[in-house]
Amino acid sequence: MPELPDLVHVERVLGERLIGRRVTAARTGDPTVLRLMIPGDFAAALVGQVVRSVERRGHFMRFGFDGELVLVVNAMLVGKYRLLSPDEARATKDPTALGFALVFDDEDRGRVGEPSQGSPTGSELRYLDDKRMGKVYVARPADEAQVPVYNELGVDLLSPAFDRARFEQIAKGRRDQVRPFLMDKRALASIGNAYADEILFAARIHPKTFVRSLSEQDRDRLFGAINQVLRAAIDEIERRDAPADVKVRDFLSVRGRVGKPCPSCGTKIREVRVNDWDACFCPTCQPVTRSLFIDWSRIGPPPEGATAGAAPAAAGKARPRRRTRRAGPG
Ligand SMILES: [Zn+2]
């Protein structure tokens, strides 16, 4: 998915280009991504509206319009935003991945550094989703809280509210492994697959480690890594200043680098399944420790057959859904 650092960039780029512009035409592509929470159709609702705000909330992008209307996008895995100039829009057919397109009034094009051409069709914003897993909600502001997850988002990781004490509070009592914990949008808003891997690498924690078995020093490192990794990525993506639909990921340390040398120690990066997701990690920098296994003595009464401070074999028995590590290079 476009992840938080990508969305910070997209928020800025789309905000600069779209705020103050009026929608002159609107159309939808694949209806499976669209959730209309208002009467009428998409075009009737959007045409004539002026964009007042473009705002990231967790992993959602919220477009506010002057006529008491919001468009909220959860781009999920591969959803992306493409801005096209009037000429590009005319020359480019709608792809099958089109979720929606908004055409804008370009009278004031000088403000984006382009001379006014008096074009009959303006620049376009297209939302594309190859996997059709994203969702686009059109709603009255009073109803937007009904968008799934949106109103239940955990603490925004870039907000001052996300401090060490808050992180401690959120991590307390978690019974899951650290990678699914990082990706729980209702706890932390928002981390996806790529940055979960990068954060765990920076914190030198194996992705299967149980949150409850992290020491205070581990949690210190994890909290520090969340801040450091996300903010460094935001800076790097802003520095590159790529178009809104281009995901800049070539600077990452472990994600997408299976089989390649760890930038820190040279060991080949490996992949492991954690809760049905592939996690990339360095087996040397993020070693398997006892903390991968459930320490029943810290959680509660052991199940029948398991002893307190369970040995790996017993922990394996206690988690029948555990998958074996996928054989990787190296
Ligand atoms: Zn390493």
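Q: What makes D245 and R82 a salt bridge?
A: Their side chains meet at 2.8 Å, N to O. A salt bridge needs a side-chain nitrogen of Lys or Arg within 4 Å of a carboxyl oxygen of Asp or Glu, so the pair qualifies. D245 sits in the loop between α7 (216-240) and β12 (270-274), and R82 in strand β6 (residues 80-84), 163 residues apart. Strands here are DSSP runs of E, at least two residues; helices are runs of H or I, at least four.

This is a predicted model: local features need pLDDT of at least 70, side-chain atom pairs count only at pLDDT 80 or more, and totals for chains, interfaces and linings use all residues. Residues are numbered from 1 along each chain as its sequence is written, and side-chain values use heavy atoms, without hydrogens and water.

Q: Why is D245 called buried?
A: Its relative accessible area is 19%. Buried means under 20%, exposed over 50%, partly exposed in between (1.4 Å probe, protein chains only), so D245 is buried. R82, with 28%, is partly exposed.

Q: What makes C262, C265, C282 and C285 donors of the zinc ion?
A: Their SG atoms lie at 2.3 to 2.4 Å. Donors are N, O and S atoms within 2.8 Å of the metal (3.2 Å for Na, K and Ca), so these four count; water is not among the atoms, so sites may look incomplete.

Q: Why is the zinc site called tetrahedral?
A: The angles among its four donor atoms are 102 to 112 degrees. Four donors count as tetrahedral if all angles lie between 85 and 135 degrees, so the label holds.

Key. Tetrahedral: all angles 85-135°; square planar, octahedral: opposite > 155°, others 65-115°.
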